[in-house]
Amino acid sequence: MKTSERLIVIGNGMAGVATVEHLLARRSDVAVTIFGSEPHINYNRVLLSSVLAGEAGFEDIILNPLDWYEQRGIELHLNATVSRIDLSGKSIITEKGDPYPFDKLLIATGSVPFIPPIRGIQTDGVLIPGVFTFRNIEDTQSMIQQAQKSRKAIVIGGGLLGIEAASGLIRQGVDVTIVHLVDRLMEMQVDAAGSEILRKEVSGLGIQVALGCCADEVITNNGHLEALHFTDGNVREADMIVIATGIRPNVPLAKDAGLSVNRGIIVNDSMQTSHPDIYAVGECVEHRGTIYGIVAPLMEQAKVAAAAMAGSDGIRYEGSVVATKLKVAGIPLASIGNIQGKIGCEEIVYSDPGAAIYKKLVISGGRMVGAILLGNLDGYSRYLGHIQHQEDISLQRKTLLTGQPQGVTSIAAMPDDAIICGCKGVSKGTIINAIEEHQLTSIKEVSEKTRACTSCKGCTPLIEQILQQVLGGEYVKQERPSHLCDCIPMVWEDIREEVIARRLKSVNTILAAIGNGTGCDTCRPALSYMLTELYLDAYEKEFDALLVNDQFHANIQKDGTFSVVPRIYGGVTTPGQLRQIASVAERYSVPMVKITGGQRIDLLGIPGDLLPSVWAELGMPSGHAYTKAVRTCKTCVGETFCRFGVQDSITLGIEMEHRYQGIPCPGKIKMAVSGCPRNCAESGIKDIGIVGIQTGWEIYVGGNGGVKPRIADLLTTVKTREEVLDVTGLFIQYYRENARWQERTSHFIERVGIDHIREVILEDKLGIVGRLRERIDVVAAAYKDPWAESLTGC
């Protein structure tokens with residue numbers, strides 16, 4: 001390849017950019033231009049499910065940051081679509097009509113989601129509101145936003161993508177049902193027996209599964225999604241639908257250009273198309289009649305294409321053993337090769353449905369041709385090697401499932417050519433050489449040098465073992481905090497320091513000073529909270545920076561109406577309050593009046609324009625059931641009435657709710673006070689839980705009763721109510737100042753550790769207890785009821 005040769009890459013995704021990486025490793029004198037139809041740099045689509053589940057942000061899944069392109073002199077065009085390839089003129093033409101000549105062209109256009117023929121699901125080729133595919137970061141962010149206002153979601157498709165979508169949505173608090181056309185989940189990766197175990201595990205997460213279901217019509221009402229109708233006549237309610245029914249190669253550009261296309265773009269063993277100077281890789285490709293939709297084969301294709309474009313004839317792509325190793329909704333699963341078997345095949349099976357473990361090895365002619373591992377992946381590397389190398393395993397049959405799986409998968413026992421990162425094809429020896437040559441000390445550095453662990457992250461434990469083996473005691477496991485979002489690519493703690501140092505006092509000035517100037521629905525509410533935490537009311541308030549619930553001081557429902565929860569301190573009410581609530585409910589024809597799990601009364605279905613009138617006639621303060629703040633304090637009757645009670649839980653609960661009501665926090669705080677260790681108020685699963693004992697009170701923190709329950713940690717034991725108020729106030733203020741936006745107390749304590757909390761609050765090792773105490777007093781004294789403020793116009 002000559003220095004002047006120009007390579008154009010159509011597609012800024014994983015396969016195309018991986019090819020460029022390998023090519024530049026062989027030849028640095030290549031002028032590369034990349035066109036990406038999305039507005040983002042290359043990111044890891046495999047981890048979109050982690051973003052949907054709230055486990056990662058976009059910055060956590062970036063594979064190649066912008067400076068990577070700049071340092072290599074790559075001309076990058078984002079949000080730029082190529083509309084035509086001119087074969088005779090050897091150029092591409094963008095949708096704006098701009099021509100770009102090439103010497104060699106790489107097509108990496110990926111795939112598009114398959115949309116099943118369901119009536120009403122599209123209008124003029126565009127999905128109707130409330131219906132989503134799950135293919136890119138925009139899809140994911142839109143799904144997260146929709147989940148905030150949805151109650152029931154249906155995921156069409158029970159493959160890997162569908163299950164991951166369902167798992168992410170249920171963590172967003174949505175009631176989710178997977179509907180699947182065939183009679184088992186993930187039929188391409190798991191057989192019937194394994195699929196049944198998988199179904200039970202998925203159902204155990206709270207996800208409903210309906211198999212053998214074919215949807216035929218979307219039901220809407222006044223433009224709002226309401227339900228999904230099925231061919232058997234059943235109707236399932238839904239205000240959100242996710243389509244995960246497979247993919248199709250994105251080939252129109254190649255087909256229109258006159259390249260050979262079948263289901264995908266046809267390539268030879270060098271990844272060369274029917275035109276000698278045009279290559280193709282990824283999900284858009286068809287090689288020897290096969291299309292691959294998982295990462296590992298695409299990475300193998302990238303190596304071959306790069307070698308061919310660099311002028312090497314030594315590498316050929318002869319197809320891939322399809323090996324999938326992943327977690328499906330948190331359940332370990334590996335599927336390798338031919339899992340269904342055929343005539344003449346034998347199966348070695350271990351099944352323990354009670355423990356959710358299933359293993360199946362498929363043997364043909366004394367050689368292993370396929371394997372399924374569910375719930376326990378011991379032996380994966382060994383089985384993959386047997387299948388890839390087609391070794392005769394006749395003499396090992398008795399120990400294939402039972403023979404020392406830990407020994408053969410340990411790092412020390414693996415040969416240097418053992419593949420550690422299946423997605424990128426990186427061996428143990430390559431990683432060890434990189435650690436020693438470049439003095440690497442973290443997984444992040446290993447990833448940057450070798451590209452291992454940049455896709456599914458499944459090889460993280462093995463790389464940690466290699467680091468430990470090479471570095472010994474010098475290796476310290478490191479975790480990198482997440483950036484807030486793309487608009488302001490800094491970690492929460494650094495943003496806070498900048499805001500304090502520069503005395504920035506509005507969301508817009510923060511974004512102008514250290515962000516992109518505009519912000520988004522993710523960062524603007526976060527920054528608004530940061531300002532109120534730092535300055536109370538002494539900052540410029542921006543209405544459009546608030547979450548919609550905070551704009552209306554009420555919780556928006558699926559139909560656009562709101563719920564109103566008045567404050568009932570400690571869950572103790574009076575006949576007068578009940579009559580007033582009943583009177584308002586009757587006067588405004590409230591569709592539903594419900595007792596909440598927090599011992600409050602919820603008026604549901606109130607139109608937004610009636611909210612001020614409802615608040616005024618109730619004459620009660622807000623219960624803050626809509627916002628990220630200290631909410632209510634649940635109580636039992638304690639010693640006041642209960643024959644088991646040993647402490648006055650009602651009085652303490654009312655005092656706590658009066659003191660902390662409505663204090664803004666990074667995440668909502670729920671409290672409870674139980675009058676005895678029987679714990680009737682469920683104090684053990686609250687952010688702050690108090691339990692009465694004979695000698696005083698136990699203070700628990702960091703509990704959560706949601707999708708991922710967590711038992712609270714015992715912080716300390718005190719003797720008096722005054723001490724309870726002092727310690728809990730210190731904890732709330734420390735949490736307010738040091739937790740990240742939307743980080744609940746359970747996650748905060750898991751991150752910093754309960755011992756750290758004890759050192760700060762009880763032992764005052766940082767010397768800040770006095771300041772925390774003064775600050776929480778000021779914050780509590782500054783409380784204003786938002787309903788009263790709205791009514792008076794203050």
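Biologist: When does a charge sit over a ring, and how far is K505 from the ring centre of Y535?
Modeller: A charge sits over a ring if NZ of Lys or CZ of Arg is within 6 Å of the ring centre and within 35 degrees of the ring normal. This is a predicted model. In it, K505 lies over the face of Y535, and its distance from the ring centre is 4.8 Å.

Biologist: Over which ring does the charged end of R248 sit?
Modeller: The charged end of R248 is 4.2 Å from the centre of a ring. That ring belongs to F114.

Biologist: How far apart should the ends of helix α20 be, and how far apart are its end C-alpha atoms?
Modeller: Helix α20 has 12 residues, 649–660. At 1.5 Å a residue, it should span 16 Å. The model agrees with this, because the end C-alpha atoms of α20 are apart by 16 Å.

Biologist: Where on α20 do its buried residues fall, seen down the axis?
Modeller: The buried residues of α20 are S649, I650, L652, G653, M656, E657 and Y660. Seen down the axis, they fall within an arc of 165°, so they line one face of the helix.

Biologist: Which elements do the buried residues of α20 pack against?
Modeller: Among the partners are the strands β36 (630–635), β37 (669–674), β38 (688–693) and β39 (696–701).

Biologist: Which residue with a positive phi follows α20?
Modeller: The phi of this residue is near 75°. The residue is G662.

Biologist: Is the pair of W615 and W787 stacked or edge-to-face?
Modeller: The count of aromatic pairs comes to 10. For W615 and W787, the ring centres are 5.4 Å apart and the planes are at 10°. Planes under 30 degrees apart count as stacked, so this pair is stacked.

Biologist: How many residues apart in sequence are the parts that this pair ties together?
Modeller: W615 lies in helix α19 (residues 611–618), and W787 lies in helix α25 (residues 786–792). The pair therefore ties together parts whose separation in sequence is 172 residues.

Biologist: Is W787 buried or exposed?
Modeller: Buried means under 20% relative accessible area. The value for W787 is 2%, so W787 counts as buried.

Biologist: Which residues do ring pairs link into a cluster with F731?
Modeller: The cluster is linked by ring pairs. Besides F731, its members are Y734, Y735 and F748.

Biologist: How far apart in space are G705 and E682?
Modeller: G705 is in the loop between β39 and β40 (713–718). G705 and E682 are 23 residues apart in sequence. From C-alpha to C-alpha, their distance is 9.2 Å.

Conventions:
Residues numbered from 1 in each chain as written. Predicted model: local features only at pLDDT ≥ 70, side-chain atom pairs only at ≥ 80, totals over all residues. Heavy atoms only, no water. Helix = DSSP H or I, 4+ residues; strand = E, 2+ residues; numbered from the N terminus. Expected span 1.5 Å × (residues − 1). Buried < 20%, exposed > 50% of the residue type's maximum accessible area, 1.4 Å probe, protein only. Arc of directions from axis to C-beta. Contact = heavy atoms within 4.5 Å. Phe/Tyr/Trp six-rings, centres within 6.5 Å; stacked < 30°, edge-to-face > 60°.
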